[in-house]
Amino acid sequence: MNLAGRLARLPREARDTLFLLAVVACCIAPLAAHIPPWASAMAATLLAWRGWLAGSGRPLPARWVMAVLLVLAVLLTLVSHRTIVGRDAGVTLIVMLLALKTLELRARRDAMVVFFLGFFTLLANFFFSQSLPTAAAMLVALLGLLTALVNAHMPVGRPPLALAMRTAGRMALLGAPIMVLLFVLFPRMAPLWGMPADKPGARSGLSGQMRIGSMASLVLDDSVALRVRFDTPGGEPPPPGLLYFRGPVLTAFDGRDWFALSQPEAQAIAWARPSPAQLRVQGPPLRYELTLEPHQRPWLLTLDAAKAAPALPPGQWAQMSPELQWNASRPVTGVLRYRAESHLRFTHGPLRRTPEMRAYVQLPAGLNPRTLALARQMQADRQLAGGGAQALVDAALQRLRSGGYHYTLDPGVYEGEHTADEFWFDRKEGFCEHIASAFVVLMRAMDVPARIVTGYQGGELNAIDGYWTVRQSDAHAWTEVWMEGRGWVRVDPTGAVSPGRIGQLQRLQAPRGVFGTAVGAVVSPMLLQDLRAVWEAVNNGWNQWVLNYTQGRQLDLLRALGLQSPGWQDLVRLMGLLVCAAAVIGLGWALWERRRQDPWQRLLQQARQRLARAGLPLPPHLPPRSMAAQARARLGPSAEDAAQWLLRLEQARYAPRPAAALPRLRRELARLRWPAAQSRGTDTP
């Protein structure tokens with residue numbers, strides 16, 4: 001016997017329990033990536049154990065067994081999280097309580113507790129992700145919980161789960177308008193409660209530290225880092241060579257790793273300065289709207305260079321660092337949308353050399369001796385020395401163009417501490433961070449202040465929604481060189497090795513695995529690209545209209561309705577007005593339903609009226625079977641067709657699907673020949 005047949009033969013209690021366990025597993029499964037491995041394994045074991053008990057009809061475990069399991073779960077939670085308070089520990093405990101409670105499903109009250117814990121676990125998934133796939137998965141789990149809840153309120157017989165599912169679907173559809181109304185109009189304000197701060201989870205992407213060779217791994221990550229919509233005709237972006245989204249600036253170098261110069265003390269000084277970057281802009285600004293994916297850091301990505309602070313949602317603010325980087329007042333832990341404007345023509349930094357410039361010429365002692373020797377050789381060239389920093393930069397770039405250097409994703413592991421020597425003289429190949437690091441080391445060796453800037457360069461246009469999409473694979477490292485009278489000047493040495501990387505936004509393609517190669521051989525790459533564009537447009541719409549539905553958008557809605565200076569009080573009044581209107585409509589609908597006659601009753605009433613016109617008035621309480629008997633007895637054989645129709649009407653009343661037979665009976669009633677008044681037979685008492 002197959003699985004479906006075996007499930008159909010189970011008692012109703014066992015069937016309903018197995019269905020509830022499947023729904024609970026759907027609520028818990030997405031949390032497996034966020035709770036300790038032991039919690040996932042223990043929850044799966046408990047659910048499987050409870051399913052085995054239900055399928056085999058065995059008794060539930062004793063109370064002392066449950067007490068031991070509960071204490072064990074609490075102790076393991078305390079060991080894993082060092083606390084039982086906070087988001088992560090709380091979610092772990094909720095999952096354990098839900099799994100354990102399924103082993104106590106002895107009464108209806110226990111089922112209600114499982115339902116409530118299931119709804120809370122469903123909401124806990126949104127602590128970690130509010131993405132569209134998560135929302136879709138939770139919608140399925142919600143319908144499953146509602147189905148189990150409706151089924152629990154059908155105590156008689158063995159109603160099919162499909163019937164409970166249809167009822168749950170109708171409930172969800174009826175509740176959807178109220179949900180949308182509350183979402184749109186409920187005032188957005190700062191939360192009135194909070195949880196202890198959790199340690200930020202690991203995220204791929206930019207970092208405040210760059211190890212030589214680490215950025216090449218980002219090419220394997222095709223996820224979206226940010227989306228941009230430019231306020232230009234047609235939403236066209238600026239030229240590709242200007243699409244530099246500025247991130248962390250790295251200054252300190254130990255031979256293999258680059259670090260940000262700003263320590264907590266320097267950050268405090270930077271926050272106290274009104275304009276530490278000494279930014280000087282030219283020409284009109286380029287305005288745009290940027291949607292930044294969460295990266296657990298305070299960095300705000302903007303096009304080089306943004307003079308004014310990005311317009312963040314209420315309750316947040318931004319400050320510029322001395323390195324021209326914008327930072328938010330708190331880490332970006334959710335999808336963040338903000339407006340900014342940048343001047344693509346600008347200069348920044350001091351025009352004269354200051355004592356602070358010493359940090360930008362420091363190199364670790366005893367490392368990269370051949371690069372230092374090359375620097376001395378270039379400085380000894382009188383023509384180069386007379387041209388200043390610009391001549392030295394041009395000479396280094398020319399060496400990159402003509403020296404046989406290659407731009408590659410797989411330059412091999414730079415094992416030693418002399419990473420610049422390996423690039424300039426041995427391997428002569430590397431990714432952007434290899435090139436930028438070696439270039440900065442050479443500049444510093446010639447006493448030219450230089451530093452590395454990380455961020456994103458380029459992107460691609462999504463033709464579906466018109467947004468410029470920047471991915472993690474667009475992560476890039478370039479350099480800035482300080483020149484007398486000009487300040488900091490952007491120099492991208494990668495463009496000298498691979499001009500197409502900057503000018504035409506040509507990306508190195510990571511090698512595809514066996515699965516990717518097989519899919520590419522079967523499915524057209526253009527089709528895959530179009531499907532990805534559609535999905536990203538849908539996901540971006542979710543981010544824009546749901547996750548980023550802020551108080552500002554609420555007030556814009558009120559302005560569109562005609563209010564001049566709306567506030568949250570207007571939102572409350574409008575929501576109250578709509579709630580009252582909905583209550584009045586609901587009351588009217590209830591009264592109408594109360595007076596509305598059943599379709600089956602309407603057909604019976606029409607048949608009664610036809611019999612009355614034939615000379616056979618019948619009382620309204622008489623059922624169809626009795627009416628058929630009276631018609632046969634008092635109207636004779638001419639009423640046989642009417643009597644048969646009345647019997648079919650009564651049979652339809654008690655059929656599994658009574659509404660399905662009513663249209664056919666209605667058509668038969670219209671064609672039916674009823675006996676005339678003069679043809680009735682002798683009356684019988």
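Helices here are DSSP runs of H or I with at least four residues, strands are E runs of at least two, and both are numbered from the N terminus. Good morning, everyone. This is a predicted model, where local features need pLDDT of at least 70, side-chain atom pairs count only at pLDDT 80 or more, and totals for chains, interfaces and linings use all residues. Residues are numbered from 1 along each chain as its sequence is written, and side-chain values use heavy atoms, with hydrogens and water left out.

Start at the surface. Leu70, Val74, Leu78, Ile84, Val85 and Leu97 form a nonpolar patch there. Together they have about 460 Å² of accessible area, by the Shrake-Rupley method with a 1.4 Å probe, counting only the protein chains shown as cover for residues. Nonpolar side chains are joined within 5 Å, like charges within 9 Å. Helix H4, residues 63-81, gives the most to the patch: 3 residues.

Leu70 lies in H4. Buried means under 20%, exposed over 50%, partly exposed in between, with a 1.4 Å probe and protein chains only.

Now Thr147, in helix H7, residues 132-152. Thr147 is buried, at 1%. Its side chain reaches the backbone oxygen of Leu143 at 2.7 Å. Leaving out residues up to four places away in sequence, Thr147 touches Phe19, Leu161, Ala164, Met165 and Ala168; contact means heavy atoms within 4.5 Å.

Last stop, helix H13, residues 419-427. Its buried residues include Phe423 and Trp424. Among their cover are helices H10 and H12.

Technical notes. A polar contact is a pair of N or O atoms within 3.5 Å; within protein, one must be able to donate a hydrogen and the other to accept it, and residues adjacent in sequence count only if both atoms are side-chain atoms. Patches are made of residues with over 30% relative accessible area and no salt bridge: like charges are joined within 9 Å, nonpolar side chains (Val, Leu, Ile, Met, Phe, Trp, Tyr) within 5 Å. A salt bridge is a side-chain nitrogen of Lys or Arg within 4 Å of a carboxyl oxygen of Asp or Glu.
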